[in-house]
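Please open the model in your viewer and keep the selection panel at hand.

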Amino acid sequence: MIYSLTLQTAGLVTGAVLLVAHFMALRHAGESRRWLKQFPRSRAMGTLLIALATIWSFLLIWGMDLGEFARLRNVMLGAIVAGAILAWIYVEEFLAVRAIGMLALLAAEPLLEAAFMRRHETTRLLLVLLAYVWIINGLFWVGMPWLMRDQIAWLTAKTPRYRAAAWVGLLYSVALIVCAVFLWK
């Protein structure tokens, strides 16, 4: 196990973050829609997010038991830093999307790890489903970042669609919090 999160902690943290994000998306719909449309090509957000992904990856490899690959730890750490710098310099287009894809891939692992070996609690699948959505989207966003731009354009094209998505996210986050508080002990 890499992370020592319980299912309850993972559900509470994830639910709280999603609750705040979707509440803000509903409360400030106009600003949120404008921000979302600008996000894929935002150099500032790309810089921030690639830095976060780099730090997370660096710390993960630094503290992870690599087994027979432990002798390559310094090479991997150097490759993470070099890759991030080179991506920041040369991958200007859709850097924010690629970085959020990397973070989605990194964030899915603690959720899956927290739900591992909890077979008797079928509600854990709420967290597992979210993790797999992040994994699938993360893979596409890193490899084909224009898809996020298209997803955002589709989502923000009509106000009822945007509001419905925000409400679904809000209800999903409430379900996660309720399960974490009452079911995942």
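How much space lies in the second largest pocket? In this predicted model, the second largest pocket holds about 180 Å³ of space. To display its lining, select Ile50, Ala53, Thr54, Ser57, Ile80, Gly83, Ala84, Ala87, Met102, Leu105, Leu106 and Val142. Helices H3, H4 and H5 each give two or more residues to this lining. Colouring by class will show nine nonpolar residues and three polar ones, with no charged residue.

Next, turn to the largest pocket, which has a volume of about 1,800 Å³. Select Leu18, Ala21, His22, Trp134 and Trp141, the closest to its centre among the 43 lining residues. The elements that give two or more residues to this lining are H1 (7-27), H2 (29-38), H3 (43-63), H5, H6, H7 (146-156) and H8 (159-182). By class, the lining comprises 37 nonpolar and six polar residues, and no charged ones.

Most residues other than glycine have a negative phi. Select Phe94, in the loop between H4 (73-90) and H5 (95-115); its phi is positive, near 60°. Is Phe94 buried or exposed? Phe94 counts as buried because its relative accessibility is 3%, under the 20% cut-off.

Finally, select Met117, in the loop between H5 and H6 (125-143). Met117 also is not a glycine, and its phi is positive at about 65°. With a relative accessible area of 53%, Met117 is exposed.

Conventions
Residues numbered from 1 in each chain as written. Predicted model: local features only at pLDDT ≥ 70, side-chain atom pairs only at ≥ 80, totals over all residues. Heavy atoms only, no water. Helix = DSSP H or I, 4+ residues; strand = E, 2+ residues; numbered from the N terminus. Buried < 20%, exposed > 50% of the residue type's maximum accessible area, 1.4 Å probe, protein only. 1 Å grid on protein atoms, 1.4 Å probe; cavity = no way out; pocket = protein on both sides within 12 Å on 5 of 7 lines; lining within 4 Å. Points joined across faces, edges and corners; volume = space filled by probe spheres on them. Nonpolar A, V, L, I, M, F, W, Y, C, P; charged D, E, K, R; others polar.
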